Amino acid sequence: MDDDLTGVARGSVTLLDVLGRFTRDGFIGSFTALPAGPAAQGRLRCETCTAEFAAGAAVVTELCRLEGASDPDDMLAVIALECPRCSIRGALVLNYGPTATPEDAAALLGLPDVDGDAH
């Protein structure tokens, strides 16, 4: 039996689906994008140990892109990553595209690729 998910296309993956999977896979922490540092370098904060660091210092395991079912401009990047200070694994949710804040855009551009290479 399907749950009534008004506004969600059938078969689409939701933010809750991705975050739930990340949590089951051990990504229990969370991260926040901060105002960009020198040279517009993206910065993140680990909400577990409160360390602030360059987005490029994170270890990225996975990146999922989501779009809104009724509005394709509702674009999210959901990233599974590891804190370089305390090694907690957690999730970072960023807007991208037309709704991205300067902090979100700088963080997304600064993150290494899943294989560890810089963008």
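Reader: Which residues does phenylalanine 31 touch, not counting residues up to four places away in sequence?
Author: Phenylalanine 31 touches Arg45, Cys46, Glu47, Phe53, Leu81, Glu82, Cys83, Ile88, Gly90, Ala91 and Leu92. These are called contacts because heavy atoms lie within 4.5 Å. The model is predicted, so local features need pLDDT of at least 70 and side-chain atom pairs count only at pLDDT 80 or more, whereas totals for chains, interfaces and linings use all residues. Residues are numbered from 1 along each chain as its sequence is written, and side-chain values use heavy atoms, with hydrogens and water left out.

Reader: Why is phenylalanine 31 called buried?
Author: Its relative accessible area is 6%. Buried means under 20% relative accessible area, exposed means over 50% and partly exposed lies in between, with a 1.4 Å probe and protein chains only. Phenylalanine 31 therefore counts as buried.

Reader: What makes a set of residues a nonpolar core, and which residues have the most contacts inside the largest one?
Author: A nonpolar core is a set of buried Ala, Val, Leu, Ile, Met, Phe, Trp, Tyr and Cys residues joined through side-chain atoms within 4.5 Å. The largest has 22 residues, and those with the most contacts inside it are Phe31, Leu44, Phe53, Ile79, Leu81, Leu92 and Leu111. Two or more residues each are given to this core by strand 1, strand 2, strand 5 (75–82), strand 6 (89–95) and helix 2 (102–110). Strand 5 supplies the largest share, 4 residues. Apart from this core lies another, of 8 residues, among them Phe22, Leu66, Val78 and Ala91. The helices (H or I, at least four residues) and strands (E, at least two) are DSSP runs, numbered from the N terminus.

Reader: What makes strand 5 a partner of strand 4 and of strand 6?
Author: Two strands pair if DSSP finds at least two bridges between them. Strand 4 (residues 59–67) and strand 5 run antiparallel and are joined by 8 bridges, with leucine 63 having isoleucine 79 as its bridge partner in strand 5. Strand 5 and strand 6 pair in the antiparallel sense over 7 bridges, and valine 78 stands opposite valine 93 in strand 6. In the hairpin of strand 5 and strand 6, with 6 residues between the strands, serine 87 takes a positive phi near 70°.

Reader: How do you know that phenylalanine 31 and phenylalanine 53 form an edge-to-face pair?
Author: The structure holds 2 aromatic pairs. Rings of Phe, Tyr and Trp (its six-membered ring) pair if their centres lie within 6.5 Å; planes under 30 degrees apart count as stacked, over 60 as edge-to-face and the rest as tilted. Phenylalanine 22 and phenylalanine 27, at 6.0 Å centre to centre and 50° between the planes, form a tilted pair; both residues are buried. Phenylalanine 31 and phenylalanine 53 lie 6.3 Å apart, centre to centre, with 85° between the planes, and so are edge-to-face. This pair links distant parts of the chain, 22 residues apart: phenylalanine 31 is in strand 1 and phenylalanine 53 in strand 3 (residues 52–54). Phenylalanine 53 is buried too, with a relative accessible area of 7%.

Reader: Why is arginine 89 said to lie over the face of phenylalanine 27?
Author: A charge sits over a ring if NZ of Lys or CZ of Arg is within 6 Å of the ring centre and within 35 degrees of the ring normal. Arginine 89 lies over the face of phenylalanine 27, at 4.1 Å from the ring centre.

Reader: Why is the pair of glutamate 62 and arginine 21 called a salt bridge?
Author: A salt bridge is a side-chain nitrogen of Lys or Arg within 4 Å of a carboxyl oxygen of Asp or Glu. The closest N and O atoms of glutamate 62 and arginine 21 are 2.8 Å apart, so the pair qualifies. Glutamate 62 lies in strand 4 and arginine 21 in helix 1 (residues 15–24), which means that the pair ties together parts 41 residues apart in sequence. Glutamate 62, at 24%, and arginine 21, at 28%, are partly exposed. A search of the whole structure finds 2 salt bridges; arginine 45 and glutamate 47 form one of them, with the closest N and O atoms 3.0 Å apart.
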